[in-house]
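Visitor: I would like to learn how to read a structure of this kind, one feature at a time. Could you set out the general idea before each case?

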Amino acid sequence: MEDRIVKIGIIGCGGIANGKHMPALSRLKDVQMVAFCDIIEERAQKAAKEYGVEGAKVYTDYKELLKDPEIEVVHVLTPNREHSFITVDALDAGKHVMCEKPMAINTEEAQKMIDAAKRSGKKLTIGYQNRYRPDSWYLKRACDNGDLGEIYYAKAHAIRRRAVPTWGVFLNEYEQGGGPLIDIGTHALDLTLWTMNNYEPKMVVGSVYKKLGNQTETGNAWGDWDPEKFTVEDSAFGYIVMKNGATVMLEASWALNSLDVDEAKTSLCGTKAGADMKGGLRINRVQYGKQCVEIPDLSAGGVAFYDGDDVKEQDVEARMWIDAIKNDTDVVVKPEQAIVVTKILEAIYKSAKEGKPVMFD
């Protein structure tokens, strides 16, 4: 089993493929990227040259890639709108699927993905790589061990001051389904629900703003955006009440006039202790009648088989994903968890549009 080579097809050879997935997969000795697909053929050719095995195939139609019987795993790395139908087709073609976040643009599409996974018997996971950071791993273990007690209040942080992504289709509402809420807010919410181990929302109230999208001379980290192409929100906020009474506050913005900037982080408050990721993981509690703060040393890494300061979370994600396939074990990010994130994000947008709370069954 250890010697078996897992052959992978890449669908979508843009920014997230080049920045995360293909470099991480290339560092695994038991993986080969044998096929690459992109609607822009030159991108697929470039990816095949840089990351593919000798003779790697190039496609512009993902359905042709799925016909290849030697491909065992597919990574779906396309704009959000395409996640669902490509994933469903890949699962139905007998491939295991890693789909980039968010799972889908809405709950209905996400459910189709889960149904296809069950129907095919193949594995499906979503690319929430922030779960694999040492601080996230440590906090998850502390929560699972009951160190924080009952977690009844949390904040999911995804705030940038002026860092609007101006490339690709990030500003295109049709292709992406939304802006910072669905782009970076999804990471923070996933991290929060996962550490809390709470996936039962009762009610959501949302506020969505497009206040800065028409500005010029923006001071943006990646250069000024085009106001005419900025069709998504620049900020969104959610008030989420869970069925057990716990409250989660979600804040997401690409551009907010604030110095309180945090991204892909969570703050948790429990009956025994609290935790946040401000400048590193901190756990606060009262001990022997005194307030104290624990700051764990995470420099040696947070996962048993990956030690060292230079380990990237995408490397751990890739290793654990491939191991789940080779050993037929559970994936870390279960689609049944990811769909709850999508459900809540969709409810925030709906609540903001309709001006009233969204209730769940």
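Guide: Let us begin with strand pairing, where two strands count as paired if DSSP finds at least two bridges between them. Please keep in mind throughout that this is a predicted model.

Visitor: Which residue is the bridge partner of Ile11 in S4?

Guide: The bridge partner of Ile11 there is Val76, and this belongs to a parallel pairing of strand S1 (residues 6-11) with S4 that runs over four bridges. S4 also pairs with S5, in the parallel sense and over four bridges, and in that pairing His75 has Met98 of S5 as its bridge partner. Between these two strands comes helix H4 (residues 83-92), and S4, H4 and S5 together make a right-handed β-α-β unit.

Visitor: How should I read the two faces of a strand, and which residues lie on each side of S4?

Guide: In a regular strand the side chains alternate between the two faces of the sheet.

Visitor: What does the largest nonpolar core look like, and how many residues has it?

Guide: In soluble globular proteins, nonpolar side chains tend to be buried together. Here the largest nonpolar core has 83 residues, and those with the most contacts inside it are Leu65, Met103, Ile126, Leu189 and Leu250. Helix H8 (residues 180-196) gives the most to this core, contributing nine residues. A second, separate core has 25 residues, among them Ala24, Met33, Ala44 and Trp321.

Visitor: How many salt bridges does a search of the whole structure find, and where do Asp30 and Lys326 lie?

Guide: Side chains of opposite charge can pair when their charged atoms come close. The search finds 25 salt bridges in the whole structure, and one of them joins the side chains of Asp30 and Lys326, at 2.9 Å from N to O. Asp30 lies in the loop between helix H1 (15-26) and strand S2 (31-37), whereas Lys326 lies in helix H9 (residues 313-327), so this pair ties together parts that are 296 residues apart in sequence. Asp30 and Lys326 are both buried, and salt bridges with shared partners join Asp30, Arg319, Asp323 and Lys326 into one network.

Visitor: What joins the side chains of Asp315 and Arg27?

Guide: A polar contact of 2.9 Å joins these two side chains. Asp315 lies in helix H9 and, with a relative accessibility of 9%, counts as buried.

Terms used. Residues are numbered from 1 along each chain as its sequence is written. This is a predicted model: local features need pLDDT of at least 70, side-chain atom pairs count only at pLDDT 80 or more; totals for chains, interfaces and linings use all residues. Side-chain values use heavy atoms; hydrogens and water are left out. A nonpolar core is a set of buried Ala, Val, Leu, Ile, Met, Phe, Trp, Tyr and Cys residues joined through side-chain atoms within 4.5 Å. Buried means under 20% relative accessible area, exposed over 50%, partly exposed in between (1.4 Å probe, protein chains only). A salt bridge is a side-chain nitrogen of Lys or Arg within 4 Å of a carboxyl oxygen of Asp or Glu. A crossover is right-handed if, with the strands pointing away from the viewer, the path from the first strand over the helix to the second runs clockwise. A polar contact is a pair of N or O atoms within 3.5 Å; within protein, one must be able to donate a hydrogen and the other to accept it, and residues adjacent in sequence count only if both atoms are side-chain atoms.
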